[in-house]
Amino acid sequence: MYWSAATGARAVYGAVFAAYGRNGYENGRFGRPTSEEFAVNGGRQVNSQGGWIRWLSATNSIVTSED
C-alpha cells in the first residue's frame, strides 16, 4: 500500500508489484501509483506518476509505458 497527499492510498500487488520493485518502487521511474490495479484486455494494470505497468495473462509478462 502506498500513500501520499497527492495520489491518495493505492494498493499494488502480484507481478505488477514485482515489476514496480525492480524499477525502484516510489523512488524509481514510475513514482507513486495514481490508480488501483484494474483489469485491462488480457491482464491487469496500475497507473503511476511516471507511466503504467501492465501484466499480460496470456504470456505472464510485464509491459510498461516505456517499452
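Is Ser35 buried or exposed? Ser35 has a relative accessibility of 12%, so this residue counts as buried; the word buried means under 20% relative accessible area, exposed means over 50%, and partly exposed is in between, using a 1.4 Å probe and protein chains only. Keep that residue in mind, and let us walk through the rest of the model before coming back to it.

A word on the ground rules. This is a predicted model, in which local features need pLDDT of at least 70 and side-chain atom pairs count only at pLDDT 80 or more, while totals for chains, interfaces and linings use all residues. Residues are numbered from 1 along each chain as its sequence is written, and side-chain values use heavy atoms, with hydrogens and water left out.

Let us start with the sheet. Four strands form an open sheet in the order β3-β4-β5-β6, with antiparallel pairing. Strands (E, at least two residues) and helices (H or I, at least four residues) are DSSP runs, numbered from the N terminus, and two strands pair if DSSP finds at least two bridges between them. At the edges stand β3 (38-40) and β6 (61-64), each pairing on one side only. From one strand to the next, the twist averages 30 degrees. Axes here are lines fitted to C-alpha atoms, for helices over the stretch in contact, and angles run from 0 to 180 degrees between N-to-C directions.

Now follow the strands across. β3 and β4 are antiparallel and share 3 bridges, and Val40 has Gly43 in β4 as its bridge partner. Their hairpin has 2 residues between the strands, and Gly42 takes a positive phi there, near 90 degrees. Next, β4 and β5 pair in the antiparallel sense over 6 bridges, with Ser48 opposite Gly51 in β5. This pair also forms a hairpin, again with 2 residues between the strands. Last, β5 (residues 51-56) pairs with β6 over 4 bridges, also in the antiparallel sense, and Arg54 stands opposite Val63 in β6.

What lies across β4, β5 and β6? The answer is helix α1 (residues 14-22), which runs at about 135 degrees to β5. Its buried residues are Val16, Ala19, Tyr20 and Gly21. They pack against β1 (2-4), β4, β5 and β6.

After the helix comes Gly24, whose phi is positive, near 95 degrees. Most residues other than glycine have a negative phi. Tyr25, however, is not a glycine and has a positive phi of about 55 degrees. Tyr25 sits in the loop between α1 and β3 and is partly exposed, with a relative accessible area of 35%. Asn60 is another non-glycine residue with a positive phi, here about 50 degrees. Look for Asn60 in the loop between β5 and β6; with 55% relative accessibility, Asn60 counts as exposed.

Finally, back to Ser35, which is found in the loop between α1 and β3. Leaving aside neighbours within four places in sequence, Ser35 is in contact with Arg10, Val46 and Asn47, where contact means heavy atoms within 4.5 Å. A polar atom of the Ser35 side chain lies 2.9 Å from the backbone nitrogen of Asn47.

Methods. A polar contact is a pair of N or O atoms within 3.5 Å; within protein, one must be able to donate a hydrogen and the other to accept it, and residues adjacent in sequence count only if both atoms are side-chain atoms.
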